[in-house]
Amino acid sequence: MALRSFKLTSKLPFRRKPIPAIAGDSPAELSIPSHFLCPISLDLMKDPVILPSGITFDRSSIETWLEAGNDTCPLTKKPLFAADLIPNHTIRRMIQDWCVAHRSLGIERIPTPKTPITSLQVDDLLSEISAAHLRGNAIQCAELVAKLNNWASESDRNRRCISSNGASRVVSAVFEDFPSEQVLSALAGMLPFDEVARRKLVSEKSLHSIVSVMKNGNLSGRLNAVLVVKEMVSANNEDCGIIARSDELIEALVKLLKEPISPAATKASLVAAYYLASGNKRAASRLAEMGIVSLILEMIVDSDRSFCEKGLAVLDVILSSEAGRKMAACHDLAIPVLVKKMVRVSDMATEFAVSATWKLCKKQGNHVGKGEEEKCLKEAVEVGAFQKLLLMLQVGCSESTKEKVSELLRMLNGVRGRTECIDSADFKGLKRPF
């Protein structure tokens with residue numbers, strides 16, 4: 001039997017318990033039969049399916065291959081269709097037996113996969129949900145939506161099947177009339193929404209219900225609510241404009257940033273705030289007035305790359321509003337944090353930081369007085385902005401950023417001789433507003 005060897009320290013596609021210390025049994029590597037491995041991923045198969053060509057693949061790998069637009073077997077190049085995938089129960093049972101035989105090494109038995117649902121099953125269930133909705137039977141609607149949600153939780157394939165059959169338009173109609181965290185949870189798994197679903201979700205009734213869950217729901221409910229909001233504002237400018245008029249929704253977003261419940265919820269809130277602020281000046285002003293500038297500055301001081309990029313993106317669009325610039329200009333951390341993030345996190349973070357700094361230092365209308373503008377320029381010189389901007393011109397950056405860098409250097413040069421430079425990473429002595 002052909003074998004493929006993997007060291008026990010290699011990353012395997014299943015959860016492995018710590019290997020127990022057994023006297024006289026210290027294998028250096030674990031040999032996995034090659035026919036247990038998917039030819040595409042080279043991982044141990046969890047749900048093997050056989051093709052008409054006689055080749056067995058892991059279901060998730062071959063379905064990903066098909067979804068990428070391929071219509072032939074990866075090995076034989078023969079024509080292939082999704083309907084040609086047949087569960088290989090023999091190989092699956094052999095893999096399970098092999099896992100059990102190696103349990104002493106911490107290998108866990110792969111679970112028996114459930115049969116994927118079909119479009120016909122989804123259509124039948126959606127028809128039942130629609131009928132219960134027309135009868136005004138909220139209890140039955142909740143039970144049927146829960147069944148749909150359970151199907152979706154079983155596999156990504158089920159989730160895609162449900163979404164592609166128009167489930168979001170049916171469930172969004174149920175949510176509008178019978179709102180609940182359970183129905184909202186189901187909707188969060190049906191992204192992206194179609195046009196009919198979006199029209200239902202931006203109605204006054206639906207938005208009020210979403211805000212209620214964002215403010216008062218349990219942790220998973222609040223996460224699902226902000227994921228739904230993020231999807232709506234990022235997918236359609238018209239929907240974004242409607243949502244931007246809801247002060248209570250903007251307030252709920254800021255609350256999720258002020259009182260974070262999970263990294264996923266915080267990131268979704270930042271993305272939603274970005275689209276709201278970039279698509280609507282009123283929303284940008286309202287976000288600034290509710291304190292988002294201070295929240296983000298505190299958040300990104302020592303955050304990871306993902307949080308930092310998203311936070312800087314939001315700051316940049318917020319500073320396009322007069323209210324945002326006023327809030328940042330009087331915040332002691334604004335300039336030091338923005339300069340600190342230049343040429344330090346990523347190219348994207350640098351561009352956002354430069355743009356935000358440029359908006360603070362350049363006089364735009366009557367957003368700050370002469371004194372505040374001068375203050376921002378002096379602070380930028382003090383924390384080393386001049387040197388970082390020169391470095392950016394040397395290493396290169398995008399054309400739009402290069403223009404802002406050049407203009408910033410001209411402005412900073414005017415105050416450079418009157419200001420002492422300090423370490424940009426040293427925030428000691430700065431007055432923090434908390």
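Student: Why does Asp316 count as buried?

Tutor: This is a predicted model, and in it Asp316 has a relative accessibility of 10%; buried means under 20%, so Asp316 counts as buried. The residue belongs to helix 16, which spans residues 305–318, and, not counting residues up to four places away in sequence, Asp316 touches Phe352, Ser355, Ala356 and Lys359.

Student: What makes the pair Asp316 and Ser355 a polar contact?

Tutor: The side chains of Asp316 and Ser355 are joined at 2.7 Å, and the cut-off for such a pair of N or O atoms is within 3.5 Å, so the value meets the distance condition.

Student: Why are strand 4 and strand 5 said to stand at the edges?

Tutor: The open sheet consists of 3 strands in the order 4-3-5, with antiparallel pairing. Strand 4 (56–58) and strand 5 (86–87) each have a single partner strand, so one side of each is left without a neighbour in the sheet.

Student: Which strands does helix 1 lie across?

Tutor: Helix 1 (residues 59–67) lies across strand 3, strand 4 and strand 5, and runs at about 90 degrees to strand 4.

Note on methods
Residues are numbered from 1 along each chain as its sequence is written. This is a predicted model: local features need pLDDT of at least 70, side-chain atom pairs count only at pLDDT 80 or more; totals for chains, interfaces and linings use all residues. Side-chain values use heavy atoms; hydrogens and water are left out. Helices (H or I, at least four residues) and strands (E, at least two) are DSSP runs, numbered from the N terminus. Buried means under 20% relative accessible area, exposed over 50%, partly exposed in between (1.4 Å probe, protein chains only). A polar contact is a pair of N or O atoms within 3.5 Å; within protein, one must be able to donate a hydrogen and the other to accept it, and residues adjacent in sequence count only if both atoms are side-chain atoms. Contact means heavy atoms within 4.5 Å. Two strands pair if DSSP finds at least two bridges between them. Axes are lines fitted to C-alpha atoms, for helices over the stretch in contact, and angles run from 0 to 180 degrees between N-to-C directions.
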